[in-house]
Amino acid sequence: MGDSHRESPNPPATGLRAFSGRATTVLERLPSVPGFWRSPVRGVRFTAVLGLVLLVGITLLFVTGLLSYAAYNPDLNPVNDKTPDKGLLGFYLFDWPTRPHWLYRLTQGLHVTVGIVLVPVLLAKLWSVVPGLFALPPARSVGHALERLSLLLLVGGALFQFVTGLLNIQLEYLFPGSFYPLHFYGAWVFFAAFLAHAVLRAPQAVRVLRSGGLSGAVQGDTLESPAPAAPTLSRRGALAMVGTGSLVLLITSAGRSFDGPLRRLAVLTPHGAAEPGSGPNGFQINKTAASVGVTAADTGEDWLLTVSGPAGDLRFTRVQLLAMEQHSAALPIACVEGWSTSDQWWRGVRLKDLAALAGYPDGAPGLLVESVQRRGSFRRAALRDNQVADPRSLLALGVNGEALSPDHGYPARIIVPAAPGVLNTKWVSRLTFGEL
Ligand SMILES: Nc1nc2c(c(=O)[nH]1)N[C@H]1C(S)=C(S)[C@@H](COP(=O)(O)O)O[C@H]1N2
Ligand SMILES: [Mo]
């Protein structure tokens, strides 16, 4: 899709003929001259297709992104979330449900997979409108100036959201501060500009595609080159190329949401680092015990679980916990990074039974979970009343018929239906039931 302006027989059309000979040849080559852009693929029709795909895709990203934020229990401040002044933007927050138990697996799998798959579409869309970026004069009117300013938010916002999202799932977090506030504020700024742009442009996109599809001239098509080079690729071919790029990304990333041979296709996932091995504990691991400095001494014979609430501080050994009534639940791990496991059979003590021991026989208003872990970014996680009350929410001691492995949280971990992985604290040391 290159712009081979040098070898074309047609001299670029320019509005700068008034300039003297030598200056003209230089100016003709500036990207602000319409004739500089020669690809015959560019045009309103090509941009319209990409724009409409992004309209659907980015709306889905926005909705699933807001859902993901809600799923974190961010209003259990400041334990789970420290986004300052999110108040107004958090107006929609609601109590994340515990059913269906695969809810977060679905919403976050979609969020991350669709985000990855849209990358070629976004790049092609930006490529298709890039001549407009250089157009002169910078503003023809106040309205035009405002529209160009909004494009700055639109393009800047899109790049910011995609880059921060991709860095987060690649575990290469290079931005200062926490990912959540940046991606959350960024989403609102970007989506506001995106919505304005869609309202202004989507009707035209639908109109041109309805009348003639991809081919044929469109009256006043400012995206079309006034002096197109000979085509090397049709518009259809260019779209097929973008689609192929997206398909390759889909195949190499969607597998992260499934177990078995599909996961092996997910070569784009960086999670090979923690090889889960085989057997009952042979499923995806986020952080290994070793990587966050959790040692056998922390989790061995001397380990005790403290359960606190109105009944005071109670302490239990693992053997005592195993002697309590044991329950099973088939639940997945679904990480914010988009990967998930299929349902695993967890076994342990119900959180609601522990709440009763702590002094809340009719349900606890909340639960603060702490881990023996001292290193790394993970500190504590808070669960809400509906999550404690669900009979499938467990302090798990085993999985798939075996004791938990050290990497999956031995001696005890939290597992809650439909909750994001990060709320499923491993190597638990303390449960505090009550108002948070
Ligand atoms: N103590 C502790 N618990 C933790 C984490 C952690 O880093 N430390 N990571 C969380 C995240 S982000 C996820 S996705 C799940 C992953 O669980 P798994 O490694 O058993 O698959 O554990 C959660 N529990
Ligand atoms: Mo996670």
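The model is predicted, with an average pLDDT of 89 over the protein and 90% of the residues scoring at least 70.

Student: Which residue has a polar side-chain atom 2.6 Å from a nitrogen atom of ligand 1?
Tutor: Around ligand 1 there are 18 residues, and those that come nearest are N286, Q373, H408, R413 and K426. N286 uses a polar backbone atom, 2.7 Å from an oxygen atom of the ligand. The side-chain atom at 2.6 Å from a ligand nitrogen belongs to Q373.

Student: How much of the accessible area of ligand 1 does the protein cover?
Tutor: A polar backbone atom of N424 lies 3.0 Å from a nitrogen atom of ligand 1. On its own, ligand 1 has 530 Å² of accessible area, and the protein covers 96%.

Student: How many residues of the shell around ligand 1 are charged?
Tutor: Ligand 1 takes the space of the second largest pocket. Its shell has seven nonpolar and eight polar residues, and the charged ones number three.

Terms used: Residues are numbered from 1 along each chain as its sequence is written. Chains are lettered from A and ligands numbered from 1 in the order in which they are written. This is a predicted model: local features need pLDDT of at least 70, side-chain atom pairs count only at pLDDT 80 or more; totals for chains, interfaces and linings use all residues. Side-chain values use heavy atoms; hydrogens and water are left out. A residue is near a molecule or strand if one of its heavy atoms lies within 4 Å of it. A polar contact is a pair of N or O atoms within 3.5 Å; within protein, one must be able to donate a hydrogen and the other to accept it, and residues adjacent in sequence count only if both atoms are side-chain atoms. Accessible areas come from the Shrake-Rupley method with a 1.4 Å probe; for residues, only the protein chains shown count as cover. On a 1 Å grid over the protein atoms alone, a cavity is a set of points where a 1.4 Å probe fits but cannot get out, and a pocket is an open set with protein on both sides within 12 Å along at least five of seven lines; lining residues have an atom within 4 Å of a point. A molecule sits in a cavity or pocket if more than half of its atoms lie within 2 Å of its grid points. Ala, Val, Leu, Ile, Met, Phe, Trp, Tyr, Cys and Pro count as nonpolar, Asp, Glu, Lys and Arg as charged, and the others, Gly among them, as polar. pLDDT is the predictor's confidence in each residue, from 0 to 100.
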